[in-house]
Every structure is written in C-alpha cells, then in structure tokens.
Amino acid sequence: MEIVKTHFNRRSFIKVSAAAGGGIMIGFNWLMSCKPGDEKPGQLALPDEWFDMNAYLKVGNNGVVTIFSQNPEIGQNVKTAMPMIVAEELDVDWGNVMVEQAPLDTKKFKRQLAGGSQSIRQEWKALRTAGATARRMLVEAAAQQWNVPVSELQTENGIIKNASGKSIGYGEVASLAATLPVPEEVQLKAIKDFKLIGKPTKNVDGKKVIKGEPVFGLDIKREGMLIAMVAHAPAFGMRPKSVDDREARALPGIKDVFIINSLPEGIERQWSDVNAFPELVVMVGNSTWEVMKAKKALKIEWEATSKLENTDEYEKALSELLEKKADTPARKDGNPDEAFRKAAKVVERTYSAPFLAHNTMEPMNFFAHVTADKAELVGPIQTPEQLRTTVARVLSLPEENVTVDMTRQGGGFGRRLYGHFGVEAAVISKRVNAPVKLVYTREDDISQGTYRPAYKVKYSAALDKNNNLVGLKIRGAGIHESPVFANRFPAGTVDHYLVENHSLDSNITTGAWRAPRSNFIAVAEQSFLDEVAEAAGKDPIDFRLELLERAQTKPVGERNDYDAARYADVLKLVRQKSGWTGTKKDGVSRGVSAYFCHNSYVAQVVDLTMQGTKPVIQKVWCAADCGIVVNPEGAKNQMEGCVVDGIGHAMYSAMTFKEGVADQSNFHNYKLIRNGEAPREIECFFVDNGIDPTGLGEPGLPPVGAALANALYAATGKRLTTQPFAQADLTIERM
C-alpha cells in the first residue's frame with residue numbers, strides 16, 4: 001500500500017452548501033451520461049440527491065456513484081478505463097457507477113487532452129488519489145455516525161462495515177462525508193488488492209454506440225441553429241480572390257455567403273493552430289442539403305500566394321537531403337566513418353513513405369453559439385483547452401467566457417488535435433449572430449487536411465568479419481521534420497553510431513498522425529534490422545536480442561531512451577507465443593518486429609500466405625508491455641485496432657499532390673484497408689510486471705508495418721522499402 005498526499009485544492013472539493021440539510025440536485029450531462037451496468041436494467045435508479053465528493057465523482061443518496069471522465073473519448077476507451085481507476089480506489093461496485101463526460105475545466109482537472117497515448121499514464125496517480133480520498137471521507141463519516149475509530153472500519157463494493165458486521169452504504173453517509181475536511185494524505189490500495197483494475201470490462205458506451213445513441217458532434221441540434229459549410233482553396237498555396245455568390249444566395253434556405261479569416265494576422269498562435277486554409281468562403285443556411293447546393297453554385301476565383309507543390313518534387317528534394325551531411329549530428333558515438341572503412345560487409349537501404357490523411361469516420365464539425373460577451377462550443381475535439389484559448393484570442397473574449405463541451409468523437413488519430421474547425425464555427429456564429437453547426441464534407445477533410453508528413457530515411461550498417469554490427473549510420477528527412485529519434489534503439493547498442501536529421505519546408509499542412517514519426521521510422525528501422533540480420537546470418541529475433549543484451553550489459557552513450565530489458569521481454573514473449581523457429585512452415589511466411597514508443601513496448605509476428613500477388617494475413621501475434629493493464633478488454637481492442645490500421649496504411653494508403661492539389665478526395669481514390677484484407681486472427685499478450693501503466697492507443701501501430709514487410713520478404717524474396725506496399729510487384733520470386 002502507498003500513502004499519498006492529496007494536494008486537492010478547495011475548488012476541486014466543492015462542498016454541499018447546506019451542510020446539515022442534504023445535498024444538491026445535479027442533472028445529467030445531456031451529452032455523455034451512461035450506465036456501465038446496462039445489463040442490469042433498473043438497478044441504477046437516479047438518486048434524489050447527489051453529493052459532490054471531489055471533481056472526479058459524486059455520490060447519490062442511494063449509493064449510485066457518478067464518475068466524471070475528464071479526457072476526450074476518441075475511441076481509445078479512456079471513458080471506461082479512467083473511471084475504473086477511480087472506482088477501484090473508491091471501492092464501489094462497478095455496476096453502481098455511472099460515467100459522465102466532464103466539460104472542459106482546467107481548474108479542476110490537470111490534463112484534458114487526447115494525444116500521445118498519455119491519458120492513463122499522466123492521470124494514474126491523480127485518479128487513484130481522487131477515489132481513495134472520497135473513500136476515506138465516506139469512512140470518516142460512518143465512523144462519526146457510529147462513534148468508532150476509522151481504523152475499525154472496512155469497505156467493500158460501496159458498503160462500509162465494522163468488525164461486528166454492522167454495515168452502511170455510501171449513499172447513507174454521503175451527505176455528511178461531503179462536508180468533512182479533505183484529508184491531507186490517503187492510503188492507496190496494494191496492486192494485489194485490485195478487484196476492478198485488470199478485469200476485462202465492457203466499454204461504458206458500447207451498447208449505445210451500436211444503437212447510435214451517444215451524441216456525436218454531427219448530432220448536435222439547437223433551437224434556431226443554422227448550418228454552415230466552407231469552400232477551401234483547391235490547392236495548398238492558394239486563397240480566395242473574389243466570389244460571385246449571386247446564384248448561391250438566390251437558392252432556398254440560404255442565409256448568407258461571405259469570406260472569413262479564422263486566424264488573422266496578429267493573433268498569437270499555439271502549436272495546435274496549424275491550418276493552411278484560414279481564409280474560407282462560407283455558406284450559411286437552414287439545412288446541410290441547401291448549403292451543399294449553394295456551395296456548388298458559387299463561382300470563386302482563387303489566387304496563388306506561394307509555390308504550388310508536386311509530389312515528384314518532394315521525392316527529389318528529400319532524396320537530395322539524404323545525400324547531404326547535417327551541419328550538426330543529432331547523435332554521434334565513436335568513429336562511424338572509421339568503422340565503415342574497416343567493415344567486412346556494408347548493408348545500405350533507403351525507405352520512404354507518403355503523406356497520409358487521418359480519415360476519421362466522422363468528418364470535422366463543430367457547434368458554436370457566440371453572443372456579445374460569451375462563446376459556447378460543443379463538438380469533437382482532442383484539445384479542448386487549446387481550442388478555448390484560440391477562440392478567446394480570435395474573438396477577443398476572456399477565456400472564462402468561452403466554454404467547450406466534448407461530444408463523443410468518431411475517431412481522432414491526431415486530426416482533432418488541430419481545432420481550426422471549432423474556431424471557424426465560432427467566427428461564423430459571431431458573423432451571423434446565431435447558433436451554427438459547421439460541417440465539413442469528406443472531400444473537404446481529405447483534400448485539405450492536416451497530414452502525416454512524407455518521410456525518407458537512409459540506413460547504413462557496418463559488419464565486422466565475425467558478423468557483428470559495429471557501425472550504423474542513419475540519415476532522415478521529412479516534410480517539416482525528420483522521422484529519426486536519435487536516442488532510441490538501436491542507439492546504445494553499436495560502438496560507432498551516427499544520426500543526422502534534415503527537414504524540408506512545404507506549404508502542405510502536416511501534423512500528428514497516430515504514433516507520430518514512429519509510424520514510419522519503426523517500419524524502416526525494423527525492416528532494415530531484418531536485412532542486417534540476414535546479412536549476418538542470424539535469426540532476426542536472436543539478432544535483436546543480441547543488440548538489447550549489449551544495451552543492458554555494455555551500453556554505448558550517455559542517453560538511451562528505452563529500457564532494454566523490457567524491450568527484450570516483449571520479443572521473448574512473442575517468440576514463445578508464436579512458436580517462432582525462424583523457418584517457414586506449410587507455405588506460411590513470417591515476419592517479426594519490435595518497437596518502443598509512447599512509453600510502451602510492443603513486439604509482433606505476422607504470418608501470411610500469398611494468393612497470386614495478394615497477401616493474405618493469416619495471423620498476428622502481439623506482445624505488449626504497457627505496465628499494469630487497467631482494462632484488458634480495452635487494451636486488446638486498442639492493439640487489434642493498431643494492427644489493422646498499421647497494416648492498412650502501410651499496404652494501401654497515400655496522399656499525393658500536383659500543383660498543390662491533392663490527387664485524392666474520397667474513399668474511391670484513397671484506399672483504406674477493407675474488412676476482407678484485415679488479419680484473420682489477432683492474438684494479444686501483455687507483460688505482467690506491476691509497473692505503473694503507460695499507453696496503448698499508438699504503440700501497437702508502428703511495428704506491424706515492418707513485421708508485414710519482413711513477412712512479405714520471406715514470401716516473395718523482395719524487400720519492400722516504399723510505402724504503400726501494394727504498389728510494388730509482389731510476384732513471388734522464391735518460396
């Protein structure tokens with residue numbers, strides 16, 4: 001057990017004002033309330049009174065508990081997992097818990113953001129402390145009521161008991177508990193005493209999602225609400241010059257047509273204010289259909305404001321960067337040039353990947369109602385705090401006058417980190433002086449998106465006469481950023497090691513895409529290590545373990561951003577579970593990879609067969625170390641999603657440009673993986689080490705592309721270095 005300081009301020013422990021007279025009625029959040037115990041209809045009757053114990057939870061007078069999920073839910077299951085942590089320490093029956101999406105409130109909650117697979121990791125201790133603190137206050141209330149020491153009382157599933165068997169429910173003491181002082185420190189449970197954490201638990205919204213009941217951004221409706229759509233410039237590097245809107249304005253239901261600049265000059269920008277199209281032609285009307293017709297009727301003249309770029313030019317420019325030395329290496333150990341001069345064997349390979357769109361199932365949208373002195377925003381956003389700040393700056397409002405409510409979100413993958421669509425909705429609402437819902441079409445979102453950068457990286461490996469890896473050079477380049485992490489594996493395992501980074505400017509908007517940079521570099525790195533292992537005559541898993549053993553026993557360099565023992569453990573686990581022997585059996589070809597990112601370790605093995613030139617992925621084994629697994633059900637779902645997503649994008653997806661115009665605009669020419677192309681089976685395993693949990697929304701995606709590439713090499717004899725792989729000739733050369 002662990003004793004922790006509570007550190008809750010007064011505001012985060014809002015008390016019932018009528019201390020002796022009972023509590024206050026608090027209604028449900030109309031956006032996101034739900035009942036985890038739906039399988040027991042009728043059990044969770046609404047209480048007559050609620051008592052706020054702290055910012056994270058309130059207890060009803062009938063023992064029902066509402067736990068607030070503070071972070072945006074984008075399908076990563078935090079709305080289930082984070083309340084589970086609170087409920088564990090509160091020691092309440094999960095069937096008596098309701099989960100409600102908290103609004104943005106940065107005075108109560110520390111981090112309300114969905115990104116970087118950090119929600120559980122960053123809030124683990126705070127959520128536990130919140131639950132334990134409320135439990136302690138409830139126990140103290142019972143002790144006062146019974147006039148006994150707190151030490152004589154125990155809790156179990158929302159019931160407080162003493163040694164004689166006397167018991168009382170949380171609801172019966174909640175009124176008194178809510179008036180007690182906040183304890184300065186509380187005791188957390190020992191891991192061995194967890195009853196809910198580690199238990200597979202269904203998504204609290206699962207049944208409702210199937211029935212279409214949760215409120216997504218596109219579902220928002222308000223009295224007097226208008227629909228707005230926008231026309232972006234057709235190409236990156238263009239802006240509207242003039243608009244002939246006479247025909248559009250004459251159409252039924254159209255209220256207004258105008259041009260806005262959602263991020264005018266002089267507005268202080270944040271990291272999330274990434275948008276190549278701040279100047280937009282806006283149509284506002286009564287319905288989506290009417291506004292879409294008006295959009296088609298517009299005659300807009302566009303003008304170029306910068307160079308209109310082409311994919312072929314990027315390819316050439318990135319390749320040229322890979323031939324240049326960086327002014328300052330990102331990392332240099334030993335004497336790499338000397339190692340390569342003395343090498344018995346050198347292996348070199350260049351890898352590349354294109355821009356990628358996010359393709360959330362729910363296109364961008366947001367509701368805004370701006371009046372003279374305040375702005376109300378509701379919608380799907382991964383960064384509500386950043387959206388609030390930008391809206392306040394653009395509208396010249398105090399931040400406290402801007403509210404942001406989060407709906408459930410139809411996917412994020414990094415796209416909704418950049419909330420310009422929310423800012424646009426606010427600017428439009430102010431302009432038309434009415435509540436507005438802004439809706440993007442699929443074409444808007446794909447062809448004028450915020451993309452995963454295009455990348456290239458060149459690897460060079462030096463082997464000595466005993467086939468030991470003695471030198472490694474990595475030179476990476478990308479649009480706006482290099483993909484290479486200088487201090488991650490295999491840094492620390494090679495005596496002579498060099499990393500050089502280059503970046504290329506562009507007017508294409510880029511940003512985070514699920515597992516930023518790792519989504520490419522893992523595929524390149526782990527494909528290359530497979531090739532080096534082959535050149536050294538070693539089994540690919542044995543080769544990686546050999547390097548990781550070096551990192552543990554005789555590490556090179558002062559900073560290596562990974563734990564080599566945990567890295568090795570997931571490789572050993574996937575080897576054991578997949579029955580890896582390094583040989584092909586029954587026509588099935590295998591590939592392996594392992595990668596560390598977002599504080600978690602994942603190793604994967606892919607088995608596939610070939611039907612002509614088409615790979616059929618028979619099975620994927622996943623071994624992950626993310627510390628304590630809060631919800632095995634959600635963790636498994638995350639890993640499976642990562643595997644399907646990672647294979648699909650490595651295999652099929654690309655964004656390309658001609659004169660600044662995206663070649664792809666919808667799913668007819670931007671291919672995502674189809675159901676029939678997904679692995680036929682995925683099996684997941686998790687290392688049980690009792691370490692504080694990290695994240696899983698992203699770490700399972702990066703390595704699977706390499707395991708796929710290595711399996712395709714085993715099947716066809718061809719090393720695939722350019723994504724998407726489906727464009728390569730996959731004719732079998734050898735079996």
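This is a predicted model: local features need pLDDT of at least 70, side-chain atom pairs count only at pLDDT 80 or more; totals for chains, interfaces and linings use all residues.
Me: What makes α12 roughly perpendicular to α13?

Reply: The axes of helix α12 (residues 518-535) and helix α13 (residues 540-553) cross at roughly 105°, and because angles of 65 to 115 degrees count as roughly perpendicular, α12 is described as roughly perpendicular to α13. The two axes come within 9 Å.

Me: Which residues make the contact of α12 with α13, and how do they divide by class?

Reply: On the α12 side the contact is made by Q526, L529, D530, V532 and A533, and on the α13 side by P540, F543, R544 and L547. By class, this contact has six nonpolar, one polar and two charged residues.

Me: Why are β12 and β19 said to stand at the edges of the sheet?

Reply: The open sheet has seven strands in the order β12-β13-β10-β20-β17-β18-β19, with mixed pairing. β12 (254-261) and β19 (402-406) each have a single partner strand, so one side of each is left without a neighbour in the sheet.

Me: How do you know that β12 and β13 are paired?

Reply: Two strands pair if there are at least two bridges between them, and seven bridges join β12 to β13 (residues 279-285), therefore the two count as paired, and they run antiparallel. Within β13, L280 stands opposite I260.

Me: Which helices pack on the sheet, and which strands do they touch?

Reply: Helix α6 (residues 288-297) touches β10 (226-231), β12 and β13, and its direction makes about 25° with that of β10. Helix α9 (residues 384-395) touches β17 (365-370), β18 (375-379) and β19, and its direction makes about 150° with that of β19.

Methods. Residues are numbered from 1 along each chain as its sequence is written. Side-chain values use heavy atoms; hydrogens and water are left out. Axes are lines fitted to C-alpha atoms, for helices over the stretch in contact, and angles run from 0 to 180 degrees between N-to-C directions. Helices (H or I, at least four residues) and strands (E, at least two) are DSSP runs, numbered from the N terminus. Angles under 35 degrees count as roughly parallel, over 145 as roughly antiparallel, 65 to 115 as roughly perpendicular and the rest as oblique. Contact means heavy atoms within 4.5 Å. Ala, Val, Leu, Ile, Met, Phe, Trp, Tyr, Cys and Pro count as nonpolar, Asp, Glu, Lys and Arg as charged, and the others, Gly among them, as polar.
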